[in-house]
Amino acid sequence: MIRRKHTGVIRQILVNVFILISMSSFAQNKIDLANLKLNENAESLLKGNADIQKGEMFNRPDMISYGISNKNFSYGTFLPEHIELLSYKGQLAGYAFKVYSRNDQEIIISYLKKKYHDLTKIESSKEIYYSYKDKNLFLEFQGITPEQLNKGMNAYLSVKRMDFNEEYEKLLKQ
């Protein structure tokens with residue numbers, strides 16, 4: 001009787017350990033984009049993603065965009081379907097993704113309001129635009145109204161390191 005009781009306890013402990021290991025390995029596989037410093041090695045972040053489309057931006061080999069069918073990245077609790085990782089001089093310089101539902105848009109907006117206290121909001125009849133800027137980071141979120149969503153449009157979050165954003169803006173104007 002004692003032996004059977006201990007076997008059950010040991011079995012329960014093993015099950016709990018297995019669950020904890022599974023949960024921690026799942027959590028380790030997901031990278032929260034919001035926690036990146038935007039100075040990581042871009043290519044090392046791509047490991048574990050199979051469907052990657054790589055392209056030069058503005059025909060510059062030091063500005064690369066990696067399109068990824070997402071499996072490894074989150075943004076807070078949101079899991080984007082597709083992500084663009086932006087590399088500048090070999091380092092991660094930014095990321096961007098589309099948001100396809102009103103509910104997901106609200107999740108992103110709520111997260112942005114909590115994380116960035118100086119978030120600026122501009123609202124029009126067609127979109128809700130949020131931006132944040134400091135010496136290191138430029139963030140913009142283009143949200144949409146329910147009517148625009150019904151027409152097939154989507155919201156879009158873009159986060160860039162400031163030095164990359166400045167170079168990007170210069171190149172856009174040329």
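The legends below accompany several close-up views of a predicted model.

**View 1. Overall make-up of the predicted protein chain.** The secondary structure of this predicted model comprises five helices and ten strands. Of the 174 residues in the protein, 39% are buried, and the accessible surface amounts to about 11100 Å², with 53% of that area belonging to carbon and sulfur atoms. Among the contacts with a separation of 6 or more, 47% are between residues 24 or more positions apart.

View 2. Eight strands make up an open sheet, in which the order is 2-3-5-6-10-9-8-7 and the pairing is antiparallel. The edges are taken by strand 2 and strand 7 (120-123), each of which has a single partner strand, so that one side of each is left without a neighbour in the sheet. On average, and with direction ignored, neighbouring strands of this sheet are turned by 15° against each other.

View 3. Strand 9 (residues 137-144) is mostly covered, with seven of its eight residues buried. On one flank, strand 8 (residues 127-133) runs antiparallel to strand 9 and is joined to it by seven bridges, with Ile128 standing opposite Gly143 of strand 9.

**View 4. Helix 3 and helix 5 against the strands.** Helix 3 (residues 102-115) packs on the sheet, where it touches strand 6, strand 8, strand 9 and strand 10, and its direction makes about 150° with that of strand 9. Helix 5 lies across strand 2, strand 3, strand 5, strand 6, strand 8, strand 9 and strand 10, and it runs at about 110° to strand 10.

**View 5. The aromatic pair of Phe58 and Tyr168.** A search of the whole structure finds eight aromatic pairs. In the pair shown here, the ring centres of Phe58 and Tyr168 are 5.5 Å apart and the planes stand at 70°, so the arrangement counts as edge-to-face, the cut-off for that class being over 60 degrees. The pair links distant parts of the chain, since Phe58 belongs to the loop between strand 2 (52-57) and strand 3 (60-69) whereas Tyr168 belongs to helix 5 (residues 162-173), 110 residues apart. Phe58 has a relative accessible area of 34% and is therefore partly exposed.

View 6. Tyr75 sits in the loop between strand 4 (73-74) and strand 5 (82-88), while Tyr95 is in strand 6 (residues 91-99), and the pair links distant parts of the chain, 20 residues apart. Tyr75 is buried, with a relative accessible area of 1%, and Tyr95 is buried as well, with a value of 2%. Tyr75 and Tyr95 are part of one aromatic cluster that also includes Phe78, Phe97 and Tyr111.

View 7. The side chains of Ser65 and Glu84 are joined by a polar contact of 2.6 Å. When residues up to four places away in sequence are not counted, Ser65 touches Gln53, Lys54, Gly55, Met57, Glu84, Leu85 and Leu86.

**View 8. The surroundings of Ile83.** Ile83, which is found in strand 5, has a relative accessible area of 0% and is therefore buried. With residues up to four places away in sequence left out, the residues touched by Ile83 are Leu33, Tyr66, Gly67, Ile68, Asn70, Phe73, Tyr95, Ala96 and Phe97. For one of these, Asn70, which is 13 residues from Ile83 along the chain, the C-alpha atoms of the two residues are separated by 6.3 Å.

Methods. Residues are numbered from 1 along each chain as its sequence is written. This is a predicted model: local features need pLDDT of at least 70, side-chain atom pairs count only at pLDDT 80 or more; totals for chains, interfaces and linings use all residues. Side-chain values use heavy atoms; hydrogens and water are left out. Buried means under 20% relative accessible area, exposed over 50%, partly exposed in between (1.4 Å probe, protein chains only). Helices (H or I, at least four residues) and strands (E, at least two) are DSSP runs, numbered from the N terminus. Two strands pair if DSSP finds at least two bridges between them. Contact means heavy atoms within 4.5 Å. Accessible areas come from the Shrake-Rupley method with a 1.4 Å probe; for residues, only the protein chains shown count as cover. Rings of Phe, Tyr and Trp (its six-membered ring) pair if their centres lie within 6.5 Å; planes under 30 degrees apart count as stacked, over 60 as edge-to-face and the rest as tilted. Axes are lines fitted to C-alpha atoms, for helices over the stretch in contact, and angles run from 0 to 180 degrees between N-to-C directions. A polar contact is a pair of N or O atoms within 3.5 Å; within protein, one must be able to donate a hydrogen and the other to accept it, and residues adjacent in sequence count only if both atoms are side-chain atoms.
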